[in-house]
Amino acid sequence: MQLELPATPAIAEARVSRRVLALCIPDLPLQRVLRAREAIPERGARANPRVPLAVERDGRVVACDAEARARGVRRGDALVQARAACAELEAVPADDGKDRSALEGLAEALLALSPAVEIAWPDALLLDASGAHLLAREGTDGEGELAARAIALAADLGLRCRAAVASGRATARALARHAPAPTPVVHEGGAGDGAAALAGLPISALDLPSPLEERLLALGLGQVRDLSRLPEETLAHRFGAAGLAAWRLAQGIDPSPLVPYVPDRLPEERLDLEAPIESSGPLLFGLKRLCDRLAARLGGRGLGATRLTLALRLDPRRPGNEVRLEIALAVPSSDASRWLLVLRERLGALQLPAAVAAAVLGVAEAAPARAEQLALGDRPEQYAALEVVLTRLAARLGDGALFAAQLMDRHRPEAAYQAGAFAGGRRRNAKAGKGRRGRGEDGRPGDEAMEAGLPISALVRPTRLLPRPQPLVALGEGGRLTALRVGTRTLRVLALSPAERLTSEWWGDPFDRDYHRARIEGLGDCWIFRDAGDGRLWLHGFFD
Amino acid sequence: MPENTREIRETIDGLREEIRRIERRPPQRACFTSSGRPEIDALLPGGGFPRGALAELAGGPASGKTGVVLSALAHAMGTKGLAAFVDGRGELYPPAVTSFGVDLARLLAVRPIAPERGACESVRYALWAAEALLASGAFEAVAMDVPVERVRAREQIERVRAREQIERARVSALDAASLDRMFLRLRAAAEKGGGVALWLGLPQGARVPSAARLELSAGAAGVQVRRAFARGAAGAPLTEWQGTSPCPSPSLDASHAA
């Protein structure tokens with residue numbers, strides 16, 4: 001025997017009263033095409049803005065711009081008919097894959113505003129607005145603020161939207177489709193109160209299955225109010241479950257949950273150029289748009305890029321027509337301006353064999369971009385400036401050219417330090433933080449003490465160490481060193497310190513040297529050593 | 001207790017600066033930073049190295065100029081600041097740096113040395129890096145040790161060779177004029193960033209548009225420092241100071257037998 005538990009009022013309320021923000025992107029295929037063209041430099045100057053534009057699918061116009069509409073082109077017209085009305089009409093074929101990518105990109109960016117975003121193909125996104133009250137401020141309501149932010153974010157990505165907030169997916173979506181742009185519609189009513197808001201909308205706003213919609217229209221039910229006035233039982237009797245569902249939608253009752261979109265790969269953005277570009281300036285103009293979009297998508301997911309890839313497709317008439325750049329970033333970042341700085345550096349140093357016909361910018365590697373907890377006295381702008389300059393330097397000079405030195409417990413002077421990552425003193429090196437007391441990383445003694453600087457400060461070391469020791473010739477009398485021949489010059493030795501013997505560790509390359517600090521006339525204090533192996537003298541550094 | 005008083009003063013200054021930052025007013029930095037050695041500060045106009053301007057320390061390979069620079073870096077860094085050292089010669093030896101009070105974790109070393117680039121390009125990259133570091137404003141002090149004299153020597157060799165072979169003069173890509181332009185850019189970057197910019201040069205090296213120039217030379221008794229040039233008071237040496245080497249020095253024995 002199966003027990004059917006009655007839904008508690010709280011659960012029932014939660015199921016039906018979920019607030020949903022619907023964003024509808026009217027004429028998405030057309031907006032996508034226009035957005036791609038805006039990203040192309042010089043397009044605006046070269047192209048005639050008055051050329052009417054339409055997007056067609058299977059020989060029929062699915063969207064057209066205001067210029068085309070002014071010339072009599074209508075959505076649904078046959079292409080031949082549209083061309084008859086407007087001879088100079090430019091028809092672009094529809095591309096569902098690119099439209100879907102555009103919707104997915106916007107959905108990713110909107111994850112910054114809502115925990116769940118559903119893609120309602122072909123032209124809408126549905127956001128969970130149940131936490132919008134947290135955005136409420138004095139004089140504004142949270143849902144209106146959320147809708148305004150979503151519209152602004154979409155506008156930043158080059159897409160114009162209509163927005164509506166209501167209880168239930170279908171109600172919000174229907175209201176958004178028929179909302180007066182750009183003001184968002186916020187329907188305050190709870191579950192079941194949507195009938196009044198939907199009453200004046202056409203039946204097509206409910207997005208019913210086509211056969212049912214056609215039958216309702218055939219019965220003369222043109223508006224939602226006509227449907228909602230009918231008795232529930234009659235509809236159930238005549239149209240079955242589909243009729244009942246349509247009636248519930250007309251009443252504004254839609255307890256179905258959102259189906260959240262979960263991005264399954266790192267984003268990339270593409271820029272197709274109609275005419276190949278030869279100089280880096282216009283290319284950077286286009287790349288800026290790509291960076292903005294990509295950063296918004298990544299930022300919505302709470303990630304920061306650590307490595308970017310830029311593929312430049314060169315003029316296809318030339319052989320070897322692709323150049324790929326890998327761009328490593330100093331810290332995870334979703335800041336488009338920082339990416340652009342690095343791209344500018346890399347492109348500035350690049351000599352392309354042919355003009356660029358297309359560019360694909362992608363995130364190859366990403367890491368969580370953690371919000372920084374600042375303390376009193378911290379300088380966030382200084383950190384930002386530091387990251388920018390480190391990124392620029394690393395991009396131009398290579399990662400190995402920048403380092404923070406870490407002292408090592410080695411007898412050989414050349415190995416007494418190693419290059420480590422520079423973290424601006426904010427993070428301690430993991431190895432240094434976990435160092436074993438009195439033992440080095442490989443078990444040898446003294447690393448910790450060396451990090452504290454004790455033995456080194458006790459010793460005297462030159463400020464400059466020559467990359468390669470220079471040979472010296474010793475001149476003396478009676479066993480005393482009186483002069484040194486450095487190259488072709490003979491210089492008098494004024495003073496000499498006692499020897500400091502440095503020998504190799506038992507595990508390292510063997511060496512045996514006696515180091516002296518010598519004050520040499522006309523040169524200053526130098527660090528010289530006598531190699532015990534062959535007895536020769538070498539100049540190794542300067543106490544500069 | 002002077003030490004305690006100094007800490008309190010630093011804390012109050014820090015809080016003032018914090019309020020200034022919150023109120024979005026421009027930071028108020030001291031115009032000069034001490035070199036860490038009072039004798040050298042006494043030689044410098046304003047009592048220290050100027051901020052937002054280039055200062056030059058010229059001297060031979062063991063004249064003590066690097067020690068003065070490291071001491072100044074340590075002073076400019078304080079307890080939280082950052083400093084950078086553009087090591088175009090690849091000779092800076094970090095084990096000695098700590099003895100001047102410099103925290104290695106907060107010192108960015110930049111070595112733009114790549115043999116495949118050649119001397120000319122390496123110098124160009126080093127100067128570019130110095131300019132970027134200075135202009136960023138993220139560093140309290142930036143020291144620059146760039147071997148521009150190697151490029152100049154090469155340029156002279158190429159000029160002579162071109163004259164001898166009576167062929168079209170091939171001048172190095174980094175000639176004197178472009179070097180001067182780069183120095184001017186360095187000065188502008190220092191003014192923009194507001195940090196201390198210290199140029200390490202040779203006695204007869206390139207002329208740097210510096211606000212203060214110290215000449216250091218090693219003598220039998222130690223290091224001799226003199227102020228050779230100051231903005232608004234160009235001309236002959238004004239003051240001289242003779243002291244020991246800034247490097248920690250063990251006892252040197254003139255009669256020691258090697």
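How many residues of chain B are in contact with how many residues of chain A? The legends below start from that question, and the model they describe is predicted.

**Figure 1. The side of chain B that touches chain A.** Here 51 residues of chain B are in contact with 53 residues of chain A. Two or more residues on the chain B side come from each of α1 (2-22), α3 (65-77), α4 (94-97), β5 (107-110) and α5 (118-136) of chain B. Of these, α5(B) gives the largest share, five residues.

**Figure 2. Strand pairing between the two chains.** This view picks out β5(B), which pairs with strand β13 (residues 402-407) of chain A. The two strands run in the antiparallel sense, and the pairing spans two bridges. Look for Phe403(A), which stands opposite Ala109(B) in β5(B).

**Figure 3. The largest nonpolar core.** This core counts 194 residues. Those that touch the most other members are Leu21(A), Ala22(A) and Leu23(A) from chain A, together with Val86(B), Val142(B) and Leu198(B) from chain B. Helix α5(B) turns up again, with ten residues and the largest share of this core. As background, nonpolar side chains in soluble globular proteins tend to be buried together.

**Figure 4. Around Val86(B), and a second core.** Neighbours within four places in sequence are left aside here, and the contacts of Val86(B) then include Val110(B), Ala126(B), Ala129(B), Ala130(B) and Leu133(B). Val86(B) is also in contact with the run from Val142(B) through Ala143(B), Met144(B) and Asp145(B) to Val146(B). A second, separate core has 15 residues, among them Leu30(A), Ala36(A), Ala54(A) and Val61(A).

**Figure 5. Glu56(B), a charged residue in a strand.** Glu56(B) has its place in strand β3 (residues 53-59) of chain B. Is Glu56(B) buried or exposed? Glu56(B) counts as buried because 24 C-beta neighbours lie inside 10 Å, and the cut-off for buried is 20 or more. Beyond its neighbours within four places in sequence, Glu56(B) is in contact with Trp199(B), Gly201(B), Val208(B), Ser210(B) and Arg213(B). Leu202(B) is 146 residues away along the chain, yet its C-alpha atom is separated from that of Glu56(B) by 9.8 Å.

**Figure 6. Chain A as a whole, for orientation.** Chain A has 18 helices and 21 strands. Of its 544 residues, 38% count as buried. Among the contacts in chain A with a separation of 6 or more, 59% involve residues 24 or more positions apart.

Definitions and conventions. Residues numbered from 1 in each chain as written. Chains lettered and ligands numbered in written order. Predicted model: local features only at pLDDT ≥ 70, side-chain atom pairs only at ≥ 80, totals over all residues. Contact = placed C-beta atoms within 7 Å. Helix = DSSP H or I, 4+ residues; strand = E, 2+ residues; numbered from the N terminus. Pairing = 2+ DSSP bridges. Core = buried A, V, L, I, M, F, W, Y, C linked by C-beta atoms within 7 Å. Buried ≥ 20, exposed ≤ 12 C-beta atoms within 10 Å, placed from the backbone.
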